[in-house]
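Subject: A structure for you to look at

Hello,

Here is the structure I promised to pass on. Please open it alongside this note, and then read on for what turned up in it.

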Amino acid sequence: MRIHSAAKDRSFMISFPHCFSSNPEVKMMRPKVMWHLLRRYMASRLHSLRLGGFLFSGSQAPQLSPALMRALGQKCPNLKRLCLHVADLSMVPISSLPSTLRILELHSCEISMAWLLKGQDPTVLPQLECIVLDRVPAFRDEHLQGLTRFRALRSLVLGGTYRVTETGLDASLQELTYLQRLEVLGCTLSADSTLLAVSRHLRDVRKIRLTVRGLSAPGLSVLEGMPLLENLCLLGPLITPEMPSPAEILSSCLTMPKLRVLELQGLGWEGQEAERILCKGLPHCLVIVRACPKESMDWWM
């Protein structure tokens, strides 16, 4: 089933050809269309929803509301994943989101200071396993501390959250010791400080993905001996002379007993001697050396 907007209203498109399959997904719609679908079509078979807002469209643009989020939870009791893009959530409390969510993604969204604060209702989103915060400018240390209420959380992605400090990250990871996946991408945090906090607090981490800004050989060495680390991804661009050499990366990786995937992206090493050294030295690993993919400007991709 596909619904496209009329010529005078091009701001939404709904696509759910698999609406009644085992993994249905609904994409891109205005709030008023959401209300219509909630009343007429959506039911227990909906598992995943991607919804775009109107953050940059002026005060008269339609906005998401707490009532809409609560209705979504009531009508779709099996909704597990919610992705919100360019949405103004400053008036939408996190407590109004469907309690069944396991994955919550915020991309270029606005939130209030009260959105994620430590000490709020511990029953909110009790099953949340993964949260992605991608270019959420208001997100800061206090919000990061608020994530510690989610005891089921295992995966955290921070992308472009420039208000998060090294002190805030270290303090939060001290309480988020149960995380198994951490991604810190395009932030102002140095890679060395991030890895130091990880080595102190996340001994059960299985996947680390981070931008190499501020990464040095001593900084990478703090991961040596990490008992459960399976996947390590380092992303460029390569801009600092302190960046570990291929031999130094190899030396650190050889001390990680469970490492099975090493990915180096955007470092300019693809097809070079660096790739050969790593592939030969880590025969037990899948070594991926590639350029950064072009980033799509279309939020629904």
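In what follows, a contact means heavy atoms within 4.5 Å. The helices (H or I, at least four residues) and strands (E, at least two) are DSSP runs, numbered from the N terminus.

A word on where this comes from: the model is predicted, so local features need pLDDT of at least 70 and side-chain atom pairs count only at pLDDT 80 or more, while totals for chains, interfaces and linings use all residues. Residues are numbered from 1 along each chain as its sequence is written, and side-chain values use heavy atoms, with hydrogens and water left out.

**The chain overall**

The chain has 8 helices and 13 strands. It has 301 residues, and 49% of them count as buried; buried means under 20% relative accessible area, exposed over 50%, and partly exposed in between (1.4 Å probe, protein chains only).

**Two helix pairs**

Let me start with helix 7 (residues 246-253) and helix 8 (residues 273-281). Pro246, Ile249 and Leu250 in helix 7 meet Ala274, Ile277, Leu278 and Gly281 in helix 8. By class, this contact has 6 nonpolar, 1 polar and no charged residues. For the classes, Ala, Val, Leu, Ile, Met, Phe, Trp, Tyr, Cys and Pro count as nonpolar, Asp, Glu, Lys and Arg as charged, and the others, Gly among them, as polar.

How do the two axes run? Those of helix 7 and helix 8 come within 9 Å and cross at roughly 20°. That makes helix 7 roughly parallel to helix 8. Here the axes are lines fitted to C-alpha atoms, for helices over the stretch in contact, and angles run from 0 to 180 degrees between N-to-C directions. Angles under 35 degrees count as roughly parallel, over 145 as roughly antiparallel, 65 to 115 as roughly perpendicular and the rest as oblique. The crossing of helix 7 and helix 8 is right-handed, a term used if the near helix is turned clockwise from the far one by less than a right angle, with left-handed for anticlockwise.

Now for helix 4 (166-173) and helix 5 (residues 191-201). Their axes come within 9 Å and cross at roughly 15°, which makes helix 4 roughly parallel to helix 5. This crossing is right-handed too. On the helix 4 side, Glu166, Leu169, Asp170 and Leu173 take part, and they meet Ser193, Thr194, Ala197, Val198, Arg200 and His201 of helix 5. The classes here come to 4 nonpolar, 3 polar and 3 charged residues.

Helix 5 is mostly covered, with 8 of its 11 residues buried. Those buried are Ala191, Ser193, Thr194, Leu195, Ala197, Val198, Ser199 and His201. Their cover includes helix 4, strand 9 (181-185), strand 10 (207-211) and helix 6 (217-221).

**A buried glutamate**

Strand 9 holds glutamate 183. Is this residue buried or exposed? At 3% relative accessibility, glutamate 183 counts as buried. Its side chain makes a polar contact (a pair of N or O atoms within 3.5 Å; within protein, one must be able to donate a hydrogen and the other to accept it, and residues adjacent in sequence count only if both atoms are side-chain atoms) with the side chain of arginine 209, at 3.0 Å. Setting aside neighbours within four places in sequence, glutamate 183 is in contact with Leu156, Val157, Leu158, Lys207 and Arg209.

**Around strand 7 and its loops**

Aspartate 134 is in strand 7 (130-134) and is buried, with a relative accessible area of 17%. Not counting residues up to four places away in sequence, aspartate 134 touches Leu106, His107, Ser108 and Gly159. Serine 108 sits in the loop between strand 6 (103-107) and strand 7, and its phi is positive, about 50°, although it is not a glycine. Serine 108 is buried as well, at 18%. Arginine 135, in the loop between strand 7 and helix 3 (141-146), has a positive phi near 55° and is partly exposed at 41%.

**Two prolines to check**

The peptide bond from glycine 236 to proline 237 is cis, with omega near 15°; proline 237 lies in the loop between strand 11 (231-235) and helix 7. Proline 257, in the loop between helix 7 and strand 12 (261-265), is 32 residues from glycine 225 in sequence and 7.0 Å from it in space, C-alpha to C-alpha.

Best wishes
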